[in-house]
Amino acid sequence: MGNSRSQSGPRFCSQFLPAEQAEIDGLFDALSSEKQRPDTSPRSFSLRAVKSHLGEALPPEMVTRLYDGMRSLDLPGKAKAPSESVSREQFTMFMSHLLKGSSEEKSLVIMKMISATEGPVKAREVQKFTEDLVGSVVHVLNYRQELRGWTQKRGPGPPPGVQVLAAQLFSEMELRGSEELPGPQQLDRDCDRAVIEDWVFRAPHVATFLSVVIHRGFLLPRLSLDLAPLVPERHVDQERVFESILDVPSVIYVNAHLPRERRHRWHLLFSSELHGHSFAQLCGRITHQGPCVLLLEDRDGHVFGGFASCSWEVKPQFQGDDRCFLFSTSPRMAVYTSTGYNDHYMYLNHGQQTIPNGLGMGGQHNYFGLWVDVDFGKGHSKAKPKCTTYHSPQLSAQEDFRFEKMEVWAVGEAPGSQQVSAGRRSACRVSAGRLSSLHVSALRVLSLSSPPVACRLSTGRLSSPRVSALRLLSLPFPRVACRLSVGRLSFLSVSPVSPRLCSLHVACRLSVCCLSALCALPLCSCIWRRFIRNSFPAAAAGPRDARG
């Protein structure tokens with residue numbers, strides 16, 4: 001009975017690995033070696049020591065919350081009361097629960113960080129804690145210069161996105177009986193340990209943000225933390241400074257809902273600020289670029305968009321799949337996923353007279369959940385009561401809106417970047433009949449070392465030849481040029497084929513009666529030498545003889 005426990009009770013067991021525990025112990029030694037108050041035990045540290053150690057890495061209110069959470073933890077076999085300083089056991093338990101613990105253990109620490117007193121906390125206290133937590137994440141990432149190319153919008157007070165993201169996280173908490181109360185009175189509801197534990201389970205960002213605050217605030221290199229899924233690396237192909245529509249909290253929120261393999265990198269494809277207010281420019285820059293995030297800011301300040309899970313293509317049919325979604329980030333953050341009602345996920349059309357021209361996501365023709373008109377700068381978001389495809393409400397302030405800013409970001413690796421050729425090999429296929437009445441249907445170069453080569457040649461008959469297409473996208477050599485003349489292959493110019501043959505220029509006439517097939521001719525110097533020597537002795541003799 002009472003506030004004490006038996007000394008024979010269970011002892012706290014750290015969840016850290018030996019190397020990790022050594023780092024935690026080293027951090028405690030550093031904190032306890034700071035200048036202490038005279039009444040502080042040498043095997044503990046005070047709030048002053050934490051503030052001195054962290055400096056400006058974290059906001060003062062979060063430093064105080066961390067310290068209160070540490071000193072308020074109850075150790076097995078000791079009295080239940082906040083101590084005057086933090087002992088090694090309390091510090092280890094705090095770090096173990098936050099970084100390695102279950103939802104139950106994390107909720108215990110969060111309750112202590114919100115209020116040092118025993119018992120339930122008020123919902124408004126949890127709301128303030130959430131705002132401090134989100135603000136601390138943005139602050140510490142900016143302080144440690146780990147925003148990965150993103151810029152935090154400047155202005156007095158906390159960034160607006162911090163409060164919006166905090167409101168979204170707080171909205172995931174289930175307050176029993178709160179639906180019967182008006183909005184302001186809901187904040188007076190009590191939140192016990194079970195409510196906080198359920199909240200941590202429902203909103204995984206709460207635990208992730210706490211982890212970021214500890215890792216990047218105290219700098220714990222051995223306790224690995226991968227920031228790539230949280231804040232993607234930003235790439236912009238412009239030398240000028242570019243500020244995105246999204247602030248850091250909004251980027252974190254949208255990125256968390258992308259497929260995991262798409263979260264580490266965002267590459268800007270189109271911006272109305274950089275590339276102009278042109279629908280043709282938009283189509284030219286976003287098609288065949290892989291999955292994209294589309295962003296709009298209307299003239300009333302509403303920010304919204306959608307995730308396209310597949311490459312955009314200009315065509316009069318709907319495209320995409322059920323991984324697509326719509327979202328908003330201002331004035332509130334929310335994501336709206338597929339309902340399965342229809343497959344009207346993505347639409348991009350241009351140059352048609354009988355069907356709408358523009359870019360759309362969800363809904364149907366003339367009633368899209370998100371629509372950007374071919375008359376760039378105009379759009380609509382018609383959802384009464386909800387968009388059928390995504391069950392999203394009206395995203396813009398006005399049903400028919402105007403906008404000044406639009407961005408499209410490719411997410412994840414660019415298409416084709418994973419197509420790496422295996423070694424320095426080539427594969428070449430030629431479908432050929434007779435050269436006397438030759439019909440070459442296709443010549444495709446599949447891969448020529450790195451970078452890959454794509455080459456397609458379609459011809460008619462060479463006896464009366466028509467070359468319908470000859471396309472050389474890239475070659476690992478400087479240049480290859482071929483000319484075909486009527487009736488026969490009269491001229492072949494290779495300039496040069498490989499570095500070893502830089503001085504070799506071949507010009508020879510061919511008079512070929514029949515060639516049934518030509519397959520897999522590797523483009524390397526030794527093969528070319530043998531090919532030229534055996535087939536064109538005049539060419540092998542030297543440049544002067546080759547002109548014959």
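Which residues does Leu296 touch, not counting residues up to four places away in sequence?

**View 1. Leu296 and the residues around it in the predicted model.** Leu296 touches Ile245, His302, Val303, Phe304, Leu370, Val372, Phe401, Phe403, Lys405 and Met406, where contact means heavy atoms within 4.5 Å. Leu296 has its place in strand E7 (residues 292-298), and helices (H or I, at least four residues) and strands (E, at least two) are DSSP runs numbered from the N terminus. With 0% relative accessibility, Leu296 counts as buried; buried means under 20% relative accessible area, exposed over 50%, and partly exposed in between (1.4 Å probe, protein chains only). Leu296 and Ile245 stand 51 residues apart in sequence and 7.8 Å apart in space, C-alpha to C-alpha. This is a predicted model, in which local features need pLDDT of at least 70 and side-chain atom pairs count only at pLDDT 80 or more, while totals for chains, interfaces and linings use all residues. Residues are numbered from 1 along each chain as its sequence is written, and side-chain values use heavy atoms, with hydrogens and water left out.

**View 2. A cluster of phenylalanine rings.** Ring pairs link Phe270, Phe304, Phe376, Phe401 and Phe403 into a cluster; rings of Phe, Tyr and Trp (its six-membered ring) pair if their centres lie within 6.5 Å, and planes under 30 degrees apart count as stacked, over 60 as edge-to-face and the rest as tilted. A search of the whole structure finds 19 aromatic pairs. One of these is the edge-to-face pair of Phe270 and Phe376, at 6.0 Å centre to centre and with 75° between the planes. Phe270 belongs to strand E6 (residues 265-271) and Phe376 to the loop between strand E14 (367-373) and strand E15 (378-380), so this pair ties together parts that are 106 residues apart in sequence. Phe270 is buried, with a relative accessible area of 0%, and Phe376 is buried as well, with 13%. The ring centres of Phe304 and Phe401 are 5.4 Å apart and their planes are at 85°, so this pair is edge-to-face. Because Phe304 lies in strand E8 (residues 303-308) and Phe401 in strand E16 (residues 400-411), the pair ties together parts that are 97 residues apart in sequence.

**View 3. The salt bridge of Lys122 and Asp190.** The side chains of Lys122 and Asp190 meet in a salt bridge at 2.9 Å, N to O, a term that stands for a side-chain nitrogen of Lys or Arg within 4 Å of a carboxyl oxygen of Asp or Glu. Lys122 is in strand E3 (residues 121-122) and Asp190 in strand E4 (residues 190-191), so the pair links distant parts of the chain, 68 residues apart. Lys122 is partly exposed, with a relative accessible area of 36%, and Asp190, at 49%, also counts as partly exposed.

**View 4. The salt bridge of Arg216 and Glu146.** Arg216 forms a salt bridge with Glu146, and the closest N and O atoms are 2.7 Å apart. The pair links distant parts of the chain, 70 residues apart, with Arg216 in helix H10 (residues 204-218) and Glu146 in the loop between helix H6 (123-143) and helix H7 (160-171). At 17% relative accessibility, Arg216 counts as buried.
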